[in-house]
Amino acid sequence: MSKIQVKLLEVQNLSKSFRIGKIRAQALFNINFDLFEKETLGLVGESGCGKSLIARTILSLEKKDTGRVLFKGYDLDKLSPYALKRTRQHMQIIFQDPYASLNPKMTVRAIIGEPLDIHEIARGKAREERIEQLLHQVGLDPSYKSRFPHEFSGGQRQRIGIARALALNPELIICDEPLSALDISIQAQVVNLLKKLQKESGLTYLFISHDLSMVKYISTRICVMYLGHILEMGTSESVYTKPLHPYTQALLSSIPLADPVMERMRTKIVLPGEVPSILNPPTGCPFHPRCPKVMEICRHKKPKMREVDPGHYALCHLFGDDSG
């Protein structure tokens, strides 16, 4: 008997544009995905493709043009200010840069305690005990609570950021490239901590990164993004063992293999040109100017997202007739 998956987050037809001078530049195009309880959805793609913008739009840090964001079935746009505040305490974020995301003038006690104060969760002794508990939970000595951010390494700062995100007992944590500013040796420690916390607390993650190997390690399912579009979506296993979209195939071919013999034997897909600017996006398929399998239809007609295999989707003319 298959386990029933419960939707925690639903993103429906999310679009976002910016006015740059006299030009309206489209940054996100009809983004659709669901996030199920206790899973990790990896959002992967090159810098500037719109990954972090999706995160900020979900949390209403950026205002969307069109679409809906539903949390536990509730449309966030239709909630009262009070209800929205209460709902948002269950949706937290870990930022990319632990050096910039922590206020240098605040102690660790103040940083972790701030969300407790804003949402009036704990005061006095209960507040102190909660802060110490959170520091212990992320692998830091509770006695560090009186220190300032500059007294910590990058990995320790990110642990403080994780403790802050955990303070309100959230159900969803958006991890916005939480490893990109850290050394390789520290990245593995932070990822293992995130997996441990997920197992202990039943957390759900939206994990944003450009590192495909790390996304594979932590994610249940994966969305591959390019120029504001989701090009492929499926389970981690299906995307990595049977990539459908030419862009995904190219990305995976660039991951170094541990076996030097296999690394020399395999063929790497080198994409021509650069990622187009959102100020002058290509017609048709957003990837067609760089695609090694481009067809004439790709140049003038945008493909539809199709379920090629069960649970495995691709936005590509190679899968189905789009002539109608």
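1. Salt bridges overall. The whole structure, a predicted model, holds 16 salt bridges. The points below take up some of them.

2. Glu 177 and Lys 51 join their side chains in a salt bridge, with 3.6 Å from N to O. This pair ties together distant parts of the chain, 126 residues apart. Glu 177 sits in the loop between β7 (172–176) and α6 (184–201). Lys 51 belongs to helix α1 (residues 51–58). Glu 177 has 8% relative accessibility, so it counts as buried. Lys 51 is at 3%, so it counts as buried too. The cut-off for buried is under 20%.

3. Glu 200 and Lys 196 form a salt bridge at 3.0 Å, N to O. Both residues are in helix α6. They are four residues apart, which is about one turn of the helix. Glu 200 is partly exposed, at 48% relative accessibility. Lys 196 is also partly exposed, with a relative accessible area of 41%.

4. A loop-to-strand pair. Lys 242 makes a salt bridge with Asp 309, and their closest N and O atoms are 3.0 Å apart. Again, distant parts of the chain are linked, here 67 residues apart. Lys 242 lies in the loop between α8 (236–241) and α9 (246–253). Asp 309 lies in strand β11 (residues 305–309). Lys 242 has 46% relative accessibility, so it counts as partly exposed. Asp 309 is partly exposed, with a relative accessible area of 24%.

5. A network. Which residues are linked in a network of salt bridges? They are Arg 109, Asp 117, Arg 127, Glu 128, Glu 132 and Lys 145.

Note on methods. Residues are numbered from 1 along each chain as its sequence is written. This is a predicted model: local features need pLDDT of at least 70, side-chain atom pairs count only at pLDDT 80 or more; totals for chains, interfaces and linings use all residues. Side-chain values use heavy atoms; hydrogens and water are left out. A salt bridge is a side-chain nitrogen of Lys or Arg within 4 Å of a carboxyl oxygen of Asp or Glu. Helices (H or I, at least four residues) and strands (E, at least two) are DSSP runs, numbered from the N terminus. Buried means under 20% relative accessible area, exposed over 50%, partly exposed in between (1.4 Å probe, protein chains only).
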